[in-house]
Amino acid sequence: MKQKTIVNIQDTAKRTIRLESAAIGSLEQYVNEDFEQTVELIARIKGRVVVTGIGKSAIIAQKIVATFNSTGTPALFMHAADAIHGDLGMVTPDDVVICISKSGESPEIKVLVPLVQNLGNTLVAIVGKMDSYLAQSAHFVLNTTVTQEACPNNLAPTTSTTAQLVMGDALAVCLIELKGFTAEDFAKFHPGGTLGKKLYLKVGDLSKLHKVPTVKLDSSLREVIVEISSKMLGVTGVVDEEGRLQGIITDGDLRRMLEKNMDAAGVKAADIMSRNPKTIQQDELAVNALELMREYDITQLLAMKGDQYHGIIHLHDLIREGII
């Protein structure tokens, strides 16, 4: 392999991005009735979407399947080469088959297409040549024609596979909106990792991990210090005789009190507390607590159940859970 001695790496990268960006932009002209009918068909089927392809298109097919599954559209990947050697058995009568190919003329595709037709399944083509065998054989055709690969030899699938991927994403997003797929639905399929926690972890899930630091309005300074120290959250809620929340005392409040040289002997909780503390309901998402902490530049919120004080959610809780 002959190696060039002078290559402007940045120019090559920028040219690649421009070519692929232009190819994506041109896909808008190919969103037509076939695309719309494909979305409507997938939305109402009882079965699954079986996505197949060969070579690089098979890799794109796997990504589209992953996107469908995570957004409420059951899907399976079937490699075109394996399909003609037994894997076609995964296709049920209620399934829709999407076949992805740039040329639409690959030998495996030409063998697979009539087999799918014999099964009676609807065949959707994502294809880059409208006069190809695949395009002419499919019930619906999603055009992903590109004028040029980003590869300098115009050979390696680059622009064409990007176009395939974007067309698959367009299908998935349309299905999300058509089905009314919500963030709560998304969380059901993503319970693990940081993303999942942001979608399902509630304030109460974290506040219940701590004891509830609480003092009364007439609690002495010593009682306040002991409560803050023993609960190890750097803060305590202040309640009245009926248990209603009246304020908050932080370790910062204690330092400011000392700076004022107040007579510590007669200080009560009511004298040093901050009124109207920032609160959040226990059934709120933990990620919403983070947004409030950032908005007010604080490190904790009082967790409430209705109008009752139930504990503390601290910035450290969010860090520990990977929310930040």
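I began with Thr161 and listed its contacts, skipping neighbours within four places in sequence: Thr161 touches Lys56 and Ile60. I note that this is a predicted model.

I placed Thr161 next. Thr161 sits in helix 7. Is Thr161 buried or exposed? Its relative accessible area is 11%. The cut-off for buried is under 20%, so Thr161 counts as buried.

Then I looked at how helix 7 packs. Helix 7 covers residues 159-179, and helix 1 covers residues 9-26. Their axes lie 9 Å apart, at an angle of about 40°. I therefore logged helix 1 as oblique to helix 7. The crossing of helix 1 past helix 7 is right-handed.

Which residues make that contact? From helix 1 I noted Leu19, Glu20, Ala23 and Ile24. From helix 7 I noted Thr159, Thr162 and Val166. I sorted the contact of helix 1 with helix 7 by class: 4 nonpolar, 2 polar and 1 charged residues.

I moved on to the strands. Strand 11 spans residues 300-305 and pairs with strand 12. The sense is antiparallel, over 6 bridges.

The hairpin of strand 11 and strand 12 has 2 residues between the strands. In this hairpin, Gly306 takes a positive phi near 70°.

Last, I asked how many residues of strand 12 are buried. I found 5 of the 7 in residues 308-314, so strand 12 is largely enclosed by the rest of the structure.

Notes: Residues numbered from 1 in each chain as written. Predicted model: local features only at pLDDT ≥ 70, side-chain atom pairs only at ≥ 80, totals over all residues. Heavy atoms only, no water. Axes fitted to C-alpha atoms, helices over the stretch in contact; angles between N-to-C directions. Helix = DSSP H or I, 4+ residues; strand = E, 2+ residues; numbered from the N terminus. Parallel < 35°, antiparallel > 145°, perpendicular 65-115°, else oblique. Left-handed = near helix turned anticlockwise from the far one by under 90°. Contact = heavy atoms within 4.5 Å. Nonpolar A, V, L, I, M, F, W, Y, C, P; charged D, E, K, R; others polar. Buried < 20%, exposed > 50% of the residue type's maximum accessible area, 1.4 Å probe, protein only. Pairing = 2+ DSSP bridges.
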